[in-house]
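Thank you all for coming; I would like to take you through a few local features this morning, going slowly so that everyone can follow on the screen. Please have the sequence and the model open side by side.

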Amino acid sequence: MALMAQTFDICIRGAGIVGRTLALLLARERLKVALVPAPAPVSPAVADVRAYALNTASRQLLESLRSWPDAEHATAVRQMQVLGDQGGAVVFDADPQGVDALAWIVDVPALEARLAEAVRFQPQVEVVEAPVAAPLTVVCEGRASSTRAEFGASFQVTPYAQHAIATRVRCEHPHGQVARQWFLPGGILAFLPLDGAEGNSVAVVWSVPQEQVASLMALTPEDFSQALQTASQQALGTLTLCADRAAWPLQLAKADRWCGSAPAAGAAPRSWVLAGDAAHNVHPLAGQGLNLGLADVQALAEVLRTRDYWRSVADLRLLRRYERERKAALVAMGLATDGLQQLFARQEAPWQALRNWGMKGFERSGPLKDFVTRRAMGMR
Ligand SMILES: Cc1cc2nc3c(=O)[nH]c(=O)nc-3n(C[C@H](O)[C@H](O)[C@H](O)COP(=O)(O)OP(=O)(O)OC[C@H]3O[C@@H](n4cnc5c(N)ncnc54)[C@H](O)[C@@H]3O)c2cc1C
């Protein structure tokens, strides 16, 4: 039975990974949370074929909420190989960093199930069918959020003219806990290890020019596997498609404002704030979109947790502090992923030479490489 609206401190719109994680974080602070999932789809929901590369910070956060999947669904990556189109290569290893893994490749349905279960057992969180009035509304509706515009935030979108095709393949050879990424002329291909340390299947993310998407999606499973085999230079031998294919248009995007005052019926202030893909989108080439979203909700929960006892959760001073902190983190990540995407989108020979020369230089750069590795892992 639904509780009376005024009993909620916070209403979270959107029950994706970011929204559910925030609900659990706030419940831990004894805040009463209403969580609003999307209206049920008309056709049955299709399982997400993706697996996300999550960093140490995300892992620690999800573990603290008892929502980290088991080892088979969160494969530790011990090496990352980034390969250019003219012999350039950068290899990152876990050992020199003194860590067990550079990242974990997490099965999306498994993570969603763990979070849904944790929410079910959290009495401070009520799943409600429609938005309720609360001092603070957090919009976690993803990139196509409709509430964002209702609150007056505009979303500045730069399309990449690329789509990411995601699927999964079984490989002749085991992946050996290596994540591989090829920067190819006109596309970026990633193979992310699945099914634990001994596994021999990988999650595929292939970012291709949009004019090639329809023909690649229309290929038979055998022909698509063959195309992947060729693009990956047979690194894992013969490949067999073992999941559906799904495609996403890619974009760089950011909301101009991440918080503001919402119209209030009575005297009590009401505010709104954005988090996750509703606030920002980056290219998936660096596997950072969800890591950023999880860092958003961790920062938001921390700002609310440490507020003066007399401040409301709707206090705009708090929300602006969150906005400033997270916009700064996004600038660095957005610039890095966008710069790489632009650099590898160029077909001309000088650009090809420059990027491969850059990769070789970076590979030998020692401290710089260590610094970048640790930042990508979510470590300071
Ligand atoms: C191909 C690909 C690969 C990626 N790989 C990685 C990776 O390796 N690592 C990484 O960190 N990130 C990765 N990302 C990015 C990642 O997918 C997103 O950053 C992440 O899903 C954002 O989570 P979210 O909860 O903010 O939004 P979403 O996952 O979009 O969830 C939003 C939720 O809100 C719901 N909703 C929408 N509208 C409403 C409404 N009006 N009312 C209520 N609910 C609503 C939606 O149905 C959905 O359930 C990848 C993205 C792509 C496209």
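How many of the 17 residues of α7 are buried? Please keep in mind that this is a predicted model; in it, 12 of the 17 residues of α7 are buried, so the helix is largely enclosed by the rest of the structure. Among those buried residues are Leu290, Gly293, Asp296, Val297 and Leu304.

Let me turn now to α6, residues 221-231, where Phe224, Ser225, Leu228, Gln229 and Ala231 are buried. Seen down the axis of α6, these buried residues fall within an arc of 165 degrees, so they line one face of the helix, while the face turned away from that buried side carries the exposed residues Glu222 and Thr230. As for what the buried residues of α6 pack against, the partners include the strands β10, β11 and β12 as well as the helix α5. Just after α6, you will find Gln233, which takes a positive phi of about 55 degrees.

Finally, a look at a loop: Gln122 sits between α3 (108-120) and β8 (125-127), and a polar atom of the Gln122 side chain lies 3.0 Å from the backbone nitrogen of Gln124. If we leave aside neighbours within four places in sequence, Gln122 is in contact with Leu24 and Ala27.

Definitions and conventions:
Residues numbered from 1 in each chain as written. Predicted model: local features only at pLDDT ≥ 70, side-chain atom pairs only at ≥ 80, totals over all residues. Heavy atoms only, no water. Helix = DSSP H or I, 4+ residues; strand = E, 2+ residues; numbered from the N terminus. Polar contact = N/O pair within 3.5 Å; in protein donor to acceptor, adjacent residues only side chain to side chain. Contact = heavy atoms within 4.5 Å. Buried < 20%, exposed > 50% of the residue type's maximum accessible area, 1.4 Å probe, protein only. Arc of directions from axis to C-beta.
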